[in-house]
Amino acid sequence: MKEFSVSGQKRATTGKKAAKELQPEALAFAIPAAQLRKVVYTPHVYVVNLTIDGEAHKAVMKELQFHPTTDALLHIDFYEVNETKPITIGIPVKLTGHAQGVRDGGRLSQAVRQLNVTAPYKQIPETLEIDVTDLKLGKAIKVAELNFNGLEIATPAQVVVCSVKATRASRAAAAAEDAQ
C-alpha cells in the first residue's frame, strides 16, 4: 500500500464526556485539511504516517464526514495498524483483459468498485486485479469465485463483481443467426 505522512497536534477539548469515557483509547488531534487532500480525494488506499506532538503512529482512514451543504471535510476516523493485527479495508477492483462476451457483442458492467479484505496491512495490495478474459455473454463473476493469496475476502460471497450483459444489437445478431 502507498504511504503518506502528516503531522498534527493533540486537541485540548474532546467533545462530550460520555464519548470520552466510552473510548479511552481514542486520540483526538487536529491536522490542517490541506495536508490530507491527496489522501482523501483519491481512490487509492494509503497507510498514513501520523506524527502527533512528536509521537509516531501508523493508521488507515476508516470513515470520512463531510458538511452536508458545502462538502467541506469535517472529520476523519483513523484506525491504527500494526504489523501483526489484521485489518478489514475496502480495496479498489481493477478488471483486466478483454471479455469474450464483449467480443460477442455484450457490454461489461462492473457492479462493485471495492472489495473488503482482511489481512495484516503489509499484505494488502493497492488494487485487486480480476481477469475477465474468459467471461462469456450473460455470465457474471461473484465474490465466491475469487481467491487472493494471503487475503480473506470480507465482502459477502453472493455479491456480483462484474457481468457481461447482452445488448440489443447482440440479441438481434443472435436472432438473425438462429433464423438462418
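1. Of the 180 residues in the protein, 31% count as buried; here buried means under 20% relative accessible area, exposed over 50%, and partly exposed in between, with a 1.4 Å probe and protein chains only. The model is a predicted one, in which local features need pLDDT of at least 70 and side-chain atom pairs count only at pLDDT 80 or more, while totals for chains, interfaces and linings use all residues. Residues are numbered from 1 along each chain as its sequence is written, and side-chain values use heavy atoms, with hydrogens and water left out.

2. On the overall fold, the protein has 4 helices and 12 strands; these are DSSP runs numbered from the N terminus, with helices being H or I of at least four residues and strands E of at least two. Taking the contacts between residues at least 6 apart in sequence, 64% join residues at least 24 apart, where contact means heavy atoms within 4.5 Å.

3. As background, an α-helix has 3.6 residues a turn, so residues three or four places apart point the same way.

4. Strand β4 gives the most to the lining, with 5 residues. By class, the lining has 9 nonpolar, 4 polar and 2 charged residues; Ala, Val, Leu, Ile, Met, Phe, Trp, Tyr, Cys and Pro count as nonpolar, Asp, Glu, Lys and Arg as charged, and the others, Gly among them, as polar.

5. Strand β4 also holds H57, which is buried at a relative accessible area of 14%. The side chains of H57 and E80 are joined by a polar contact of 3.1 Å; a polar contact is a pair of N or O atoms within 3.5 Å, where within protein one must be able to donate a hydrogen and the other to accept it, and residues adjacent in sequence count only if both atoms are side-chain atoms. Beyond its neighbours within four places in sequence, H57 is in contact with L27, V48, N49, L50, I52 and E80.

6. T118, in strand β8 (residues 114-120), is worth a look too. T118 counts as buried at 19% relative accessibility. Its side chain makes a polar contact of 2.7 Å with the side chain of T88. Not counting residues up to four places away in sequence, T118 touches P86, I87, T88, L151, E152 and A154.

7. Most residues other than glycine have a negative phi. D53, in the loop between β3 (46-52) and β4, has a positive phi of about 50° and is partly exposed, with a relative accessible area of 49%. D71 has a positive phi near 60°; D71 lies in the loop between β4 and β5 (73-80) and is exposed, at 53%.

8. N82 sits in the loop between β5 and β6 and counts as partly exposed at 37% relative accessibility. Its side chain reaches the backbone nitrogen of K85 at 2.7 Å, and a polar atom of that side chain lies 3.1 Å from the backbone nitrogen of T84. The C-alpha atoms of N82 and Y121, 39 residues apart along the chain, are separated by 7.4 Å.

9. Lastly, V143 lies in the loop between β10 (140-142) and β11 (152-153) and counts as buried, at 5% relative accessibility. V143 and V160 are 17 residues apart in sequence and 6.4 Å apart in space, C-alpha to C-alpha. Leaving aside neighbours within four places in sequence, the contacts of V143 include L115, I153, T155 and P156.
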